[in-house]
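Thanks for coming, everyone. Let me put the model up on the screen, and then we'll walk through how its pieces pack.

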Amino acid sequence: MIKFVLRPQKSLKGFVTIPSDKSISHRAVIFSSLAEGTSVINNFSKGADPMSSLAVCKALGVQTEFRDENSVVITSSGILKKPCVPLDCGNSGTTMRLMTGLLAGQNFESVLTGDESLSKRPMKRVIEPISLMGANIQAVNGHAPLKVSGNKLCGIDYVSKLASAQVKSCVLLAGLFAEGHTRFTEPYLSRNHTEIMLKYMGADIKTDGCNSMIKPSKLNPVEIDICGDISSAAFFIVAGLIVPDSDIILKNVGLNPTRTGIIDIVKRMGGRLQILDETVKSGEFVGDIRVQYSDLKGCKIEKDLIPRLIDELPVIAVLATQAQGETIVKNAEDLRNKESDRIKAVVGELAKLGANIKETPDGFVVCGKTSLTGGVQVESYHDHRLAMSLYVAGLVCEKSIGINGFEWVDISFPEFESLISNLSEI
Ligand code: S3P
């Protein structure tokens, strides 16, 4: 589907309630499946990815029922059943990598499959550590489909070269079913929703900086209120900063410090952004964000900041085109292993719109401020975050643009277009 985007006649003004966090939604349904009894998940994400996790848990014998539009009730015996069908993870790397860890210690065999894009993404990063724990996983050259033959696992002390929440979560979930304790150390702290939620559900887990340690534990069923996704809010943050005269308030945004790298860099770039009404919901920080059109300057983004804004880098590239001077992104080579090669894709597509942007092996360099010309068709590469980033770029292009494959936004944010177009109609 081609979506045409036009520069809005007016500024963006008003309020947006940001829909549910994708990462937390995955964890809520997967962890609740392990808790004996009834759990309630309020504000569950309706994106295709979390729905894949829900379907996989259902295939493992867990009862799932929508109580109303957004609340899911999960009823489980606490013990998963051997599935009769392959477990289809769709486009979702989080579903596949977390489930691999979880299934490795069960007493049955299962097969995890995914769509074409997921079948090209690297799985060795999760197979390697849990194989050291005794997991028996067969892959096709390090890729899905994955045949997981449940085994007795032993805890390990694993030092990861990658700062990856999916790898960390896979190892910790395997650790829930392993003998002894399992310790995971990463070079920089990646998102810690797994640690927070497992603690909230009563697991024996301890964290200290970039280390986490888990022991086999029983999880309690709980009621979880999921906050809005800062990775979805990011598109509105950037739109508000670059569309002249905009002033918007984003409500109910998750503000876990392992995810707020975008707020730090916006402030560093001179963006007008304020946090309003911060509170804690189900163990996670939440608040409202006000963002206003701003004069911006370029900045350097590297090292420990990268895992704190990894999914926001495509839209940060758009932001950088509207900032004075150079923005340099380094140490982000893992962006090449996402739903698309996001370095190549974002550089190629923004260049078509008239941006001054260059690819580097581990990131990109943008020189601004450029007035984007547009008037061309760009490609989403079947990548939801690229499609939405290009939409935001389209809001400041002189001529309209066409985005091919826009329907991929449904993976994380089906409400995106209606919410953003409401802001220019007020
Ligand atoms: C995620 C972790 C990140 C992120 C992905 C979601 C998660 O991936 O890019 O969109 O929910 O754990 P990595 O762990 O591969 O960095």
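Predicted model: local features only at pLDDT ≥ 70, side-chain atom pairs only at ≥ 80, totals over all residues.

One term before we start: when I say contact, I mean heavy atoms within 4.5 Å. Two more bits of bookkeeping. Helices (H or I, at least four residues) and strands (E, at least two) are DSSP runs, numbered from the N terminus. For directions, axes are lines fitted to C-alpha atoms, for helices over the stretch in contact, and angles run from 0 to 180 degrees between N-to-C directions.

Residues are numbered from 1 along each chain as its sequence is written, and side-chain values use heavy atoms, with hydrogens and water left out.

Okay, the overall layout. The protein splits into domain 1 (2–20 + 227–421) and domain 2 (22–219), with bounds that come from an automatic or database domain assignment. Their C-alpha centres are 28 Å apart, and the contact between them takes 26 residues from domain 1 and 28 residues from domain 2.

Let's begin with the four-stranded sheet. It is open, runs in the order β2-β17-β19-β18, and has mixed pairing. Two strands count as paired here if DSSP finds at least two bridges between them. At the edges, pairing on one side only, sit β2 (13–17) and β18 (272–281). From one strand to the next, the twist averages 15°. Looking at β2 and β17 (residues 247–254), you'll find five bridges and a parallel run; Gly14 has Ile248 as its bridge partner in β17.

So what packs on this sheet? Helix α7 (residues 230–242) does, touching β2, β17, β18 and β19 (284–292), and its direction makes about 165° with that of β17. Helix α13 (residues 416–423) also lies across β2 and β17, running at about 155° to β2.

How do those two helices sit against each other? They pack at an angle of about 25°, with their axes 11 Å apart. That makes α7 roughly parallel to α13; the cut-offs are under 35 degrees for roughly parallel, over 145 for roughly antiparallel, 65 to 115 for roughly perpendicular, and oblique for the rest. The crossing of α7 with α13 is right-handed, that is, the near helix is turned clockwise from the far one by less than a right angle, with anticlockwise being left-handed. On the α7 side the contact is made by Phe235, Phe236 and Ala239, and on the α13 side by Phe416, Leu419, Ile420 and Leu423. By class, that contact is seven nonpolar, no polar and no charged residues. For the classes, Ala, Val, Leu, Ile, Met, Phe, Trp, Tyr, Cys and Pro are nonpolar, Asp, Glu, Lys and Arg are charged, and the others, Gly among them, are polar.

Next, another helix pair: α3 (residues 93–104) and α4 (residues 124–132). Their axes come within 10 Å and cross at roughly 20°, and therefore α3 and α4 are roughly parallel to each other. This crossing is right-handed too. Arg97, Thr100, Gly101 and Ala104 of α3 meet Arg125, Val126 and Ile130 of α4.

β25 pairs with β26 (residues 401–404) in the parallel sense over three bridges, with Val378 opposite Ile403.

Last stop, the strands around β9 (residues 143–149). On one hand, β7 (residues 109–113) is joined to β9 by four bridges, antiparallel, and Leu112 is partnered with Leu146. On the other, β8 (residues 136–140) is joined to β9 by four bridges, again antiparallel, and Gln138 stands opposite Lys147. β8 and β9 form a hairpin with two residues between them, and Asn141 in the turn has a positive phi of about 50°.

That's my tour; let's discuss.
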